[in-house]
2 protein chains.
Amino acid sequence: MSFLNEIYLNLKPYTPGEQLNDKNYIKLNTNENPYGVSEKAKRYAEEEIAKSRLYPDPENSLLAEKIAEYYRVDKNQVIITNGSDEVLYFIFAGFFTGNKKLLFPNITYGFYRVYADFCGVNYYEVPLKADFTINTDDYTKGNANIIIANPNAPTGIYLGLSEIEKIIMADTKSLVVIDEAYIDFGGNSCIELVEKYDNLIVVQTFSKSRQLAGARVGFAISNEKNISDLKKIKYSINPYNVNRVSEAMARGAIEDKEYFDKTVQKIIETREGFVCSLREKGFLVLDSYTNFVFAKHDKIKGKVLYSMLRDRGFLVRHFDTALLTDFIRISIGKKEDMMLLINEIENILKEVERI
Amino acid sequence: MSFLNEIYLNLKPYTPGEQLNDKNYIKLNTNENPYGVSEKAKRYAEEEIAKSRLYPDPENSLLAEKIAEYYRVDKNQVIITNGSDEVLYFIFAGFFTGNKKLLFPNITYGFYRVYADFCGVNYYEVPLKADFTINTDDYTKGNANIIIANPNAPTGIYLGLSEIEKIIMADTKSLVVIDEAYIDFGGNSCIELVEKYDNLIVVQTFSKSRQLAGARVGFAISNEKNISDLKKIKYSINPYNVNRVSEAMARGAIEDKEYFDKTVQKIIETREGFVCSLREKGFLVLDSYTNFVFAKHDKIKGKVLYSMLRDRGFLVRHFDTALLTDFIRISIGKKEDMMLLINEIENILKEVERI
């Protein structure tokens, strides 16, 4: 017998990347940052541990001020959440629930469909073009809320700021959410457009470029009214959603701009080298503005390559759906790990060609 | 213009206890533990910080095993969340949404009404008896889901295990949630009844007796089916809801049974002494099985006492609603703080009597 409400009987929850422990993998499957937590973030965290008997500040004011300063907005334009997944949920639960249609690409962050199903949102998954890019015109017809990951995942493809602006301005009575989880790896954030458009919410995270996937800190920036509405949702669900140590770590991470710049630059360089090597070996690799690449090879199915790599100690991600089945997604690790991986891929290709 | 869905226009979110910073208060308003974080919890937290570049285990297996061991259940009978507020939300969103009526006392944790409103639950707030105790018969008529905080908040009053069992067994087709946030301060947990009844979910937290309000870790224990249903909700909202450092801290806290026992005992002793002193001064004090007391005095209104105490550097909590307005709620701090408080209350009473 299930006590779960019957509306959820067919619920298809999100599937996180595998956490295998059967051997020591080179883990390139969940877009984690290969570089360690910034020393400043560690220090702030260590200092905060002993204060954990006290509730955190539910407004997370100290961190909100730092984020506001960094992105040149007011601190009332910032909401901080337990990972960016949580603020995405707040947006779906608070803004997208209802009758207005929601549009997002048919290939994108898999959680959008899960949130939409869970919240009973009326949504349409807009097909990408054959080259996996977004056709801006599909999103400028008005009368629909929109959520776009930019750069997109798992494709890694980036949509320029002027195209994003076209979408936002096409219908200022509908809400546009731009999910910039990977923006620091090469794209331009559209946060500056928040000043100009009231219908824009920008979502970012400390999980990727700021090395804190394990701390669970995300945030959104918008105008004060949208942020105050999002806080109403937060205060109806979980007011103390960010713990003390994580808030302190995130503060350290955003203050340590030097480390951030250095590590982001290294990841970009490693990515470019890795993309070249893959293409030399005959892979089709989509243009990546993120810390991962999405690639396929005519000679080997995505699932086969994924599983041969896993047998050899490399964990990458394969999405077992019709549209993505040829591809694998590979997070960018340290240069030495990517060289080992390229080497292994070369061996696998030779093996496959012999068969 | 608001983009928030119109169903939320009249939303009344939860109001957390004040976080005043205008002077150095003795903070007795949010039921925090006066004793510091256990040394073992601190050590585990310190060791975990550097690993924060990696996502946490979404199953929180290590902590789930420890909790399961402590409460003698299987680890598949445990779900761990971002504070117990989050698992309460999962329960309201997943199990209480729908047509079956939900019952809870008219004086209880204020968040139940917020969750019920937010999730569109059909609920009825059952009046407590005049002495603030629960009339078990009100909850044994069947065909209604039930949530009861035991001990109750903000009254501190405890309902015995046999009465709880009567409620659970009265209608095994309806769900009964027992929220045991304060159970360690004198009551008996009903976790053992989980073996006997499939319609019981028990909620607990690391925020009170385990000193970790700032780490945000709560959990629920039930049969495997209910827990697996709750995990479906979690994986549809926020799979990585507990960060690495907090999970490690909670593991340390639950392993450090000696510190737990010692600090719980101290709080109980301090509470008993404090209740005596208040009663000597003419207060009506409800019998508390928690780390706070709920008290009123004929000579002074709750709001006035709250505000006179605040002026003198003591932060307690006053709920400005008709049923509770005579009372103040005072968290149990260290013995020396409670003696200072009693002294100040004595001064205030003298002052009031002179007027």
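**Figure 1. Aromatic pairs in the predicted model.** A search of the whole structure, which is a predicted model, finds 43 aromatic pairs over all chains. One of them is formed by A:Phe104 and A:Tyr123, whose rings are stacked, with 5.5 Å centre to centre and 15° between the planes. Planes under 30 degrees apart count as stacked. A:Phe104 belongs to strand β3 (residues 101–105) of chain A and A:Tyr123 to strand β4 (residues 123–126) of chain A, so this pair ties together parts that are 19 residues apart in sequence. A:Phe104 is buried, at 1% relative accessibility, whereas A:Tyr123 is partly exposed, at 23%.

**Figure 2. An edge-to-face pair between two loops of chain A.** A:Phe132 and A:Phe327 form an aromatic pair with 5.3 Å centre to centre and 85° between the planes, which is edge-to-face. Planes over 60 degrees apart count as edge-to-face. A:Phe132 lies in the loop between β4 and β5 (144–149), and A:Phe327 in the loop between β11 (314–315) and β12 (328–331). The pair thus links distant parts of the chain, 195 residues apart. Are these two residues buried or exposed? A:Phe132 is buried, with a relative accessible area of 13%, and A:Phe327 also counts as buried, at 2%.

**Figure 3. B:Arg210 and two aromatic rings.** B:Arg210 lies over the face of B:Tyr70, at 4.8 Å from the ring centre. The charged end of B:Arg210 also sits over the ring of B:Phe260, and here the distance from the ring centre is 3.9 Å.

**Figure 4. The contact of helix α1 of chain A with helix α1 of chain B.** Each of these helices spans residues 39–49 of its chain. Their axes are 10 Å apart, and the helices pack at an angle of about 170°. An angle over 145 degrees counts as roughly antiparallel, so α1(A) is roughly antiparallel to α1(B). On the side of chain A, the contact involves A:Lys42, A:Ala45, A:Glu46 and A:Ile49. These residues meet B:Lys42, B:Ala45, B:Glu46 and B:Ile49 in α1(B). The contact has four nonpolar, no polar and four charged residues.

**Figure 5. The contact of helix α4 of chain A with helix α6 of chain B.** Helix α4 (residues 111–118) of chain A packs against helix α6 (residues 224–237) of chain B at an angle of about 125°, with the axes 8 Å apart.

**Figure 6. The surroundings of A:Gln19.** A:Gln19 is located in the segment before β1 (26–27) of chain A. With 28% relative accessibility, A:Gln19 counts as partly exposed. Leaving out residues up to four places away in sequence, A:Gln19 touches A:Lys27 as well as B:Tyr55, B:Pro56, B:Pro58 and B:Tyr240. A:Gln19 and A:Phe3 are 16 residues apart along the chain, and their C-alpha atoms are separated by 30 Å.

Figure 7. A:Glu165 is part of helix α5 (residues 161–170) of chain A. At 17% relative accessibility, A:Glu165 is buried, because the cut-off for buried is under 20%. Which residues does A:Glu165 touch? Not counting residues up to four places away in sequence, they are A:Leu193, A:Lys196 and A:Tyr197.

**Figure 8. Two cis peptide bonds.** In chain A, the peptide bond from A:Asn150 to A:Pro151 is cis, with omega near -5°. A:Pro151 lies in the loop between β5 and α5 of chain A. In chain B, a cis peptide bond joins B:Ala153 and B:Pro154, with omega about 0°. B:Pro154 is found in the loop between β5 (144–149) and α5 (161–170) of chain B.

**Figure 9. Two residues of chain A with a positive phi.** A:Asn60 is not a glycine, yet its phi is positive, at about 45°. A:Asn60 sits in the loop between α1 and α2 (61–71) of chain A and is buried, with a relative accessible area of 1%. A:Gln211, not a glycine either, has a positive phi of about 65°. The place of A:Gln211 is the loop between β7 (200–205) and β8 (218–221) of chain A. A:Gln211 is buried, with a relative accessible area of 2%.

Technical notes:
Residues numbered from 1 in each chain as written. Chains lettered and ligands numbered in written order. Predicted model: local features only at pLDDT ≥ 70, side-chain atom pairs only at ≥ 80, totals over all residues. Heavy atoms only, no water. Axes fitted to C-alpha atoms, helices over the stretch in contact; angles between N-to-C directions. Helix = DSSP H or I, 4+ residues; strand = E, 2+ residues; numbered from the N terminus. Parallel < 35°, antiparallel > 145°, perpendicular 65-115°, else oblique. Contact = heavy atoms within 4.5 Å. Nonpolar A, V, L, I, M, F, W, Y, C, P; charged D, E, K, R; others polar. Phe/Tyr/Trp six-rings, centres within 6.5 Å; stacked < 30°, edge-to-face > 60°. Buried < 20%, exposed > 50% of the residue type's maximum accessible area, 1.4 Å probe, protein only. Lys NZ or Arg CZ within 6 Å of the ring centre and 35° of its normal.
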